[in-house]
Amino acid sequence: MRIPGDSRLRPRALRLWVTQRADDQEMDAVRRSARGRAESPPDRKVYMDYNATTPLEPAVIQAVTEAMQEAWGNPSSSYVAGRKAKDIINAARASLAKMIGGKPQDIVFTSGGTESNNLVIHSMVRYFHEQQTLKGHAIDQYGPEEGARPHFITCTVEHDSIRLPLEHLMEEHMAEVTFVPVSKVTGQAEVEEVLAAVRPTTCLVTIMLANNETGVIMPVPEISRRIKALNQSRAASGLPQILVHTDAAQALGKRRVDVEDLGVDFLTIVGHKFYGPRIGALYVRGVGKLTPLYPMLFGGGQERNFRPGTENTPMIAGLGKAAELVTENCEAYEAHMRDVRDYLEERLQAEFGKRIHLNSRFPGVERLPNTCNFSIQGSKLQGYMVLAQCQTLLASVGASCHSDHEDRPSPVLLSCGVPVDVARNALRLSVGRSTTRAEVDLIVQDLKEAVAQLEA
């Protein structure tokens with residue numbers, strides 16, 4: 001620890017400062033004890049918000065650092081540092097492709113998940129209008145008002161980087177959007193509901209692979225299969241094909257993800273959700289050939305003109321290393337997180353009994369192995385108030401992008417049928433690769449004391 005003030009303090013002054021610090025800490029401990037809080041050491045924190053973001057793995061930090069030191073050149077240059085940067089980028093592209101079972105040439109690097117999602121949506125708007133012109137307005141027979149705008153299908157629990165761009169397009173009268181409600185029984189977007197929403201002008205179905213608050217896995221493979229079958233009959237009628245996109249931000253690094261199994265045309269990759277840097281990528285099946293993609297930015301032609309701008313080599317190197325670790329260890333990561341998460345839920349039920357409502361459990365539905373969304377029922381136990389009382393636990397009440405509305409019930413939980421008074425008390429705990437059962441014991445005790453404080 002750095003000593004405040006003059007760094008040349010004499011030994012006696014140093015001893016006095018250390019003694020004073022010890023006295024202050026002792027008094028703090030006495031005050032906490034007087035408040036009835038038998039807590040862990042004051043600097044001990046347990047992080048359980050891995051769905052919001054993850055720390056960088058040491059190997060990722062090393063990859064980033066080495067790229068900064070040795071591959072600082074422009075990847076478009078021919079000298080050694082530039083060629084090394086280009087090699088690193090190509091290797092990272094291959095690592096990402098391997099992680100999701102795709103091809104390296106189908107990976108486009110982006111700044112993150114928000115850009116990737118927006119890139120898909122805006123590409124489909126442009127593609128729709130181009131196809132409409134090329135095919136002589138074949139869909140006009142279904143009504144000029146409906147045929148003038150592309151139609152998107154999504155669900156009510158999507159991330160804001162899907163919901164908000166679509167809402168903006170609606171407000172600007174540039175698109176029509178159907179928000180399919182999720183089932184209150186399964187928490188999923190139901191396949192039949194998605195198919196029932198299809199119109200002649202439908203161009204894209206975008207359904208997240210796993211929900212960030214409940215961890216529920218969506219039936220993306222079945223949706224893709226049904227849409228592909230539907231496209232055959234649409235082609236015979238001269239209607240535009242429907243493409244399928246999934247935002248896989250929460251699923252990657254926690255369960256196996258394979259684009260062939262999913263059958264999707266687009267897949268969003270977000271590095272900071274699987275212990276990588278805060279950049280991302282977009283998988284596009286047969287980019288520019290089988291599947292359309294149009295740039296939102298224009299510049300030097302990098303990323304085959306789909307995403308121009310000098311590549312961020314160090315971050316791409318880190319993203320590649322993070323993907324490599326997932327490919328090698330995903331099953332072990334998943335097994336560990338599931339064990340700890342299940343233990344967490346057992347301890348919560350043992351401690352709070354019938355007062356616990358597990359918001360993320362839907363019978364017979366698969367969910368992420370690390371996610372536990374729960375409420376402790378009681379009139380004074382709103383989620384943000386419980387967290388404010390906790391001394392050890394670091395977590396959230398829901399999606400991190402809604403942190404400024406922490407006193408409001410989660411729209412995701414309400415969509416899933418969780419009652420308002422229960423949703424208002426919700427906490428989302430998401431464990432990570434290094435979370436231990438001992439840490440679970442610490443935070444359950446912390447929650448118990450926080451509840452006692454609020455109810456006293």
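Student: Where does the second largest cavity lie?

Tutor: First, the general idea: rolling a probe the size of a water molecule over the atoms shows where empty space is left. A cavity is a set of points, on a 1 Å grid over the protein atoms alone, where a 1.4 Å probe fits but cannot get out. Here, domain 1 (46-55 + 330-455) and domain 2 (104-310) both give residues to the lining, so the second largest cavity lies between them. Those bounds come from an automatic or database domain assignment.

Student: What lines the second largest cavity?

Tutor: Lining residues have an atom within 4 Å of a point. Among them are Tyr50, Lys273, Tyr275 and Arg433. The lining divides into five nonpolar, four polar and three charged residues.

Student: Which ring pairs with Tyr47, and how?

Tutor: Rings of Phe, Tyr and Trp (its six-membered ring) pair if their centres lie within 6.5 Å; planes under 30 degrees apart count as stacked, over 60 as edge-to-face and the rest as tilted. This structure holds two aromatic pairs. Tyr47 goes with Tyr50: their centres are 4.8 Å apart and their planes at 75°, so that pair is edge-to-face. Tyr50 also pairs with Tyr275, with centres 6.2 Å apart and planes at 25°, so this one is stacked.

Student: Is Tyr50 buried or exposed?

Tutor: Buried means under 20% relative accessible area, exposed over 50%, partly exposed in between (1.4 Å probe, protein chains only). Tyr50, at 8%, counts as buried, while Tyr47, at 28%, is partly exposed.

Student: What is the mean pLDDT of the protein?

Tutor: pLDDT is the predictor's confidence in each residue, from 0 to 100. The mean here is 89, and 86% of the residues reach 70 or more. Over residues 25-40, though, the pLDDT is below 50. Where pLDDT is low, the predicted coordinates should not be read in detail.

Notes:
Residues are numbered from 1 along each chain as its sequence is written. This is a predicted model: local features need pLDDT of at least 70, side-chain atom pairs count only at pLDDT 80 or more; totals for chains, interfaces and linings use all residues. Side-chain values use heavy atoms; hydrogens and water are left out. On a 1 Å grid over the protein atoms alone, a cavity is a set of points where a 1.4 Å probe fits but cannot get out, and a pocket is an open set with protein on both sides within 12 Å along at least five of seven lines; lining residues have an atom within 4 Å of a point. Ala, Val, Leu, Ile, Met, Phe, Trp, Tyr, Cys and Pro count as nonpolar, Asp, Glu, Lys and Arg as charged, and the others, Gly among them, as polar. Contact means heavy atoms within 4.5 Å.
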